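We will go from stop to stop, selecting a few residues each time.

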Amino acid sequence: MKIKIAIVDDHPMLLKGMQGILGGVPHIEITGAYLNGKELLADIDRNRPDVLLLDIQMSGQTGEDLAMVLQEQYPGIKILAFTNQEQTYYIRSMIGHGVMGYVLKTCDEETLLKAIETIYKGEQYFDPMIRGQVSQIMTATRQPRLTRREKEILQLIAENYSSKEIGERLCMGKRTVDNYRIALLLKLDAKNSAGLVKTAIDLGLIR
């Protein structure tokens with residue numbers, strides 16, 4: 001029985017190369033190669049794959065956004081992030097969106113095939129180059145729960161906006177923003193804004 005594979009990547013040459021590599025593997029069948037999520041979703045009911053190789057940074061709908069849609073609408077499809085991004089933020093985000101594997105585009109063919117076969121069986125697989133980061137993510141004993149508003153304010157703090165400027169952007173008073181700042185400092189156990197931003201980046205809460 002063949003593993004049905006689909007690929008989504010906005011680089012035509014990469015799509016062609018991957019089709020050439022995987023197309024020659026006896027137990028793999030490529031059901032489709034798509035330049036964006038819109039093309040995939042338009043064809044997915046007709047050619048539904050077992051495993052989806054998904055790039056993260058694409059023009060228009062990102063891999064993160066597409067993974068979230070697939071997790072909700074097609075939970076049976078196993079997603080393998082296939083990307084150049086090895087930052088903790090992206091790894092954490094994609095795991096949070098339900099991907100079962102994460103492989104760098106610099107990997108060799110043997111690693112890619114092993115990743116495909118592993119997640120097809122329902123097990124997770126992570127590129128050896130990022131396993132240290134994955135281990136830290138998986139075993140983190142303290143992952144603060146932030147509300148949507150707290151995340152918005154945290155991102156703006158990281159972008160160096162003042163409390164007054166954040167209040168103007170989010171239609172709230174400066175004092176309210178200051179209260180959010182204090183709450184964030186306590187949740188992330190930081191002493192100041194610089195420490196807050198560093199901790200948030202380390203935890204993958206912001207980019």
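**Stop 1: Thr-83**

Select Thr-83 and Gln-85. The model is a predicted one. A polar atom in the side chain of Thr-83 lies 2.9 Å from the backbone nitrogen of Gln-85. Now colour strand 4, residues 78–83; Thr-83 lies in this strand.

Is Thr-83 buried or exposed? Thr-83 is buried: its relative accessible area is 1%, and the cut-off for buried is under 20%. Next, show what surrounds Thr-83. Leave out residues up to four places away in sequence, and Thr-83 touches Asp-55, Ile-56, Tyr-102, Val-103, Leu-104 and Lys-105.

**Stop 2: the whole protein**

Zoom out and switch to a cartoon view. How many helices and strands are there? The protein has 10 helices and six strands. Turn the model around. The C-alpha trace spans about 65 × 35 × 30 Å along its principal axes.

Colour by accessibility if your viewer can. Of the 207 residues, 44% are buried. Then think about contacts along the chain. Among contacts with a separation of 6 or more, 64% join residues 24 or more positions apart.

**Stop 3: helix 3 and helix 4**

Select residues 63–73 for helix 3 and residues 88–96 for helix 4. Their axes come within 10 Å and cross at roughly 15°. Angles under 35 degrees count as roughly parallel, so helix 3 and helix 4 are roughly parallel to each other. The crossing of helix 3 past helix 4 is right-handed.

Show the side chains where they meet. Helix 3 brings Gly-63, Glu-64 and Ala-67 to the contact, and helix 4 brings Tyr-89, Tyr-90, Ser-93 and Met-94. By class, this contact of helix 3 with helix 4 has four nonpolar, two polar and one charged residues.

**Stop 4: helix 7 and helix 9**

Move on to residues 148–158, helix 7, and residues 174–187, helix 9. These two pack at an angle of about 90°, with axes 10 Å apart. That makes helix 7 roughly perpendicular to helix 9.

Which residues make the contact? From helix 7, pick Arg-149, Glu-150, Ile-153, Leu-154 and Ile-157. From helix 9, pick Tyr-180, Arg-181, Ala-183, Leu-184 and Lys-187. In the contact of helix 7 with helix 9, six residues are nonpolar, none polar and four charged.

**Stop 5: helix 7 and helix 10**

Helix 7 passes helix 10 in a left-handed crossing.

Look at the side chains again. Leu-154, Ile-157 and Ala-158 of helix 7 meet Ser-193, Leu-196, Val-197 and Ala-200 of helix 10. The contact of helix 7 with helix 10 holds six nonpolar residues, one polar and no charged.

**Stop 6**

Select Ser-163, found in helix 8. At 8% relative accessibility, Ser-163 counts as buried. Show its side chain together with that of Asp-178: the two make a polar contact at 2.7 Å. Beyond the neighbours within four places in sequence, Ser-163 is in contact with Lys-174, Val-177, Asp-178 and Arg-181.

Now pick Asn-179, in helix 9. Asn-179 is partly exposed, at 48% relative accessibility. Use the distance tool from C-alpha to C-alpha: Asn-179 and Ser-163 are 9.9 Å apart in space and 16 residues apart in sequence.

**Stop 7: two loop residues with positive phi**

Go to the loop between helix 7 and helix 8, residues 163–170, and select Asn-160 in that loop. Its phi is positive, about 70°, although Asn-160 is not a glycine. Asn-160 is exposed, with a relative accessible area of 68%.

Finish in the loop between helix 8 and helix 9, where Cys-171 sits. What is the phi of Cys-171 near? It is near 60°, a positive value in a residue other than glycine. At 74% relative accessibility, Cys-171 counts as exposed.

Key:
Residues numbered from 1 in each chain as written. Predicted model: local features only at pLDDT ≥ 70, side-chain atom pairs only at ≥ 80, totals over all residues. Heavy atoms only, no water. Axes fitted to C-alpha atoms, helices over the stretch in contact; angles between N-to-C directions. Helix = DSSP H or I, 4+ residues; strand = E, 2+ residues; numbered from the N terminus. Parallel < 35°, antiparallel > 145°, perpendicular 65-115°, else oblique. Left-handed = near helix turned anticlockwise from the far one by under 90°. Contact = heavy atoms within 4.5 Å. Nonpolar A, V, L, I, M, F, W, Y, C, P; charged D, E, K, R; others polar. Buried < 20%, exposed > 50% of the residue type's maximum accessible area, 1.4 Å probe, protein only. Polar contact = N/O pair within 3.5 Å; in protein donor to acceptor, adjacent residues only side chain to side chain.
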